[in-house]
Amino acid sequence: MMTEIMRKDLEKRIDQWIAGKKSTLIEEVCELVRIKSGADKANEVKPFGQGCRDVVDRFIEICHRHGLETQNHSYYVAEAFDPDIERKQGRIGLMGHLDIVPEGEGWLYPPYEGIVKGGWIIGRGAQDNKGPCLAGLYTLLCLRDLGMELKHDIRVLAGTNEENGMEDAAYYTGNCQCPDFTIVVDSPFPLCYGEKGIIEAWMVSDYPFSEHVINMTGGTVSNQVPGRAEIVLRYSKLIEERLQEKSEECEWKICGDKIHIYAKGIPGHIAFPEQTQNAIAILAEFILERNLLISDQDRKIMTYIWKAASETDGSGLDLSCSDEISGNLVCGCGIVKMEKGHVWLNVNARCPVTVNGSELMERLEKHAKKNAFYLEKRRVLESNYYPKEKEVIRRLSTCFQRTTQLDWEPQIFNAGTHARKLPNAVAYGPGCLNGLVPECEPLPEGHGGAHQPDEAQSIDALCLALKIYILAVLEIDELDLKENGQNYI
């Protein structure tokens, strides 16, 4: 067991190592940010498109620069390890992801240039999750460079489909040797010992809009609150008159025989709606308030869109529920589109850990049917719950508290991470640390967060997370995770 004097000496050595590697870490995060690595399953380049292949290749190149060996698991997951460490019986994993959500609109800075400004890295994926992913890699490098004797091999894993189905983790668990315990570097500290279940489905209208409604679009991915939505209506003098009163949230223009109406919201992760405003809901409410639809059927469809998109507790879809462990259900609509006149509205709900996701899906189906909608492309991810009384949870939480002098307690996470797809894994990430440092200026409200325009990662927060990871691995390495794992994990 490490004494307090030994611990302080070790922390000093770690701080010095991080200070010496800081500039390289920044540049390598920027290298990854400069690759547009949104997953695209429809792309002919498998499994998730050329961008995801390119970012894996660059990640592997970075690993090789630092003298690590790698395995490319068919571009689902890249794995890095130290070739000079004697092969141990057990493994500890550090897993992040290199895929990103689309950039969306409203950026003040270029989304794929890796801008360094005022102590922050700005670019899509800087925070979610390329920066933390490299913090996991540098954890291995520090442990190696400081000559730490470990009981376990350390494996750094970088996935490519976390944002859009987690097929990367499913492939890895089905085809590779998983670590005995994995730290997923993609959540807020101090530690997420559980993750809410996720249900996702497309609600499709039984009846099409009338010819008066030409098109309606908004959003690009299920788990992102859209910052912009548009409807195109057939021009009429009456509609033009009803649009004369100005709106702060909606704009419109006439293009020939069409009227385009645009709504502006505040984008962000759909699991954390407090800081967002859904442009789909704003647009639907505007259309209904101005009485811009001609037929009763059109108004009925739009009313259901508005209720579904505006109630973030799921009450508009009869999904509202809660439990004492994880709190309330959180719900949002990330995408709306039209196909042959029919509305397709994507619903994404984060469910309390004690609630059965399949039963909630049945409730959604019944509610949709009552409102002349049906479900397509359903997806249920049941919750992930890891008892916080376990020794490994206690050690990880204590490591965070001791390193930061913060008394934050472990929590249940609204969002989903690879932890729900891996055996013996918890999310332990630096997202919240950005709030401990001065804000990235001059970014306005609705900018700078994960899934927002001008996504930004504090460099100081990333370095603090790196230190926490290094100390955390040393803490749990003392446990016999393989031989006596059930006693600890």
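Let's start with two helices. Helix 9 (residues 391-404) and helix 10 (residues 459-477) have axes that come within 9 Å and cross at roughly 140°. That angle makes helix 9 oblique to helix 10. Before going on, note that this is a predicted model, where local features need pLDDT of at least 70, side-chain atom pairs count only at pLDDT 80 or more, and totals for chains, interfaces and linings use all residues. Residues are numbered from 1 along each chain as its sequence is written, and side-chain values use heavy atoms, with hydrogens and water left out.

Some terms. Helices (H or I, at least four residues) and strands (E, at least two) are DSSP runs, numbered from the N terminus. Axes are lines fitted to C-alpha atoms, for helices over the stretch in contact, with angles from 0 to 180 degrees between N-to-C directions. Under 35 degrees counts as roughly parallel, over 145 as roughly antiparallel, 65 to 115 as roughly perpendicular, and the rest as oblique.

Back to the pair. Which residues of helix 9 and helix 10 make the contact? On helix 9, they include Val 392, Leu 396, Cys 399 and Phe 400. On helix 10, Leu 464, Ile 468, Leu 471 and Ile 476 are among them. Contact here means heavy atoms within 4.5 Å. By class, this contact has nine nonpolar, two polar and four charged residues. Ala, Val, Leu, Ile, Met, Phe, Trp, Tyr, Cys and Pro count as nonpolar, Asp, Glu, Lys and Arg as charged, and the others, Gly among them, as polar.

Helix 10 has another partner, helix 3 (residues 126-145). Their axes come within 9 Å and cross at roughly 50°. Helix 3 and helix 10 are therefore oblique to each other. This crossing is right-handed. Helix 3 brings residues including Pro 132, Ala 135 and Tyr 138, and helix 10 brings Leu 466, Tyr 469 and Val 473, among others. How many charged residues does the contact of helix 3 with helix 10 have? There are none, alongside eleven nonpolar and two polar.

Strand 10 (213-218), strand 11 (224-225), strand 12 (228-234) and strand 14 (258-264) each give two or more residues.

How are these spaces found? On a 1 Å grid over the protein atoms alone, a cavity is a set of points where a 1.4 Å probe fits but cannot get out; a pocket is an open set with protein on both sides within 12 Å along at least five of seven lines; lining residues have an atom within 4 Å of a point. Points are joined across faces, edges and corners, and a volume is the space filled by probe spheres set on them.

There are two cavities of 30 Å³ or more. The second largest cavity holds about 30 Å³. Strand 6 (residues 152-159) gives the largest share of its lining, three residues.

Last, the backbone. The peptide bond from Lys 46 to Pro 47 is cis, with omega near 5°. Pro 47 sits in the loop between helix 1 (4-33) and helix 2 (50-65). Phe 189 and Pro 190 are also joined by a cis bond, omega about 10°. Asn 291 is not a glycine, yet has a positive phi of about 55°.

Technical notes. Left-handed = near helix turned anticlockwise from the far one by under 90°.
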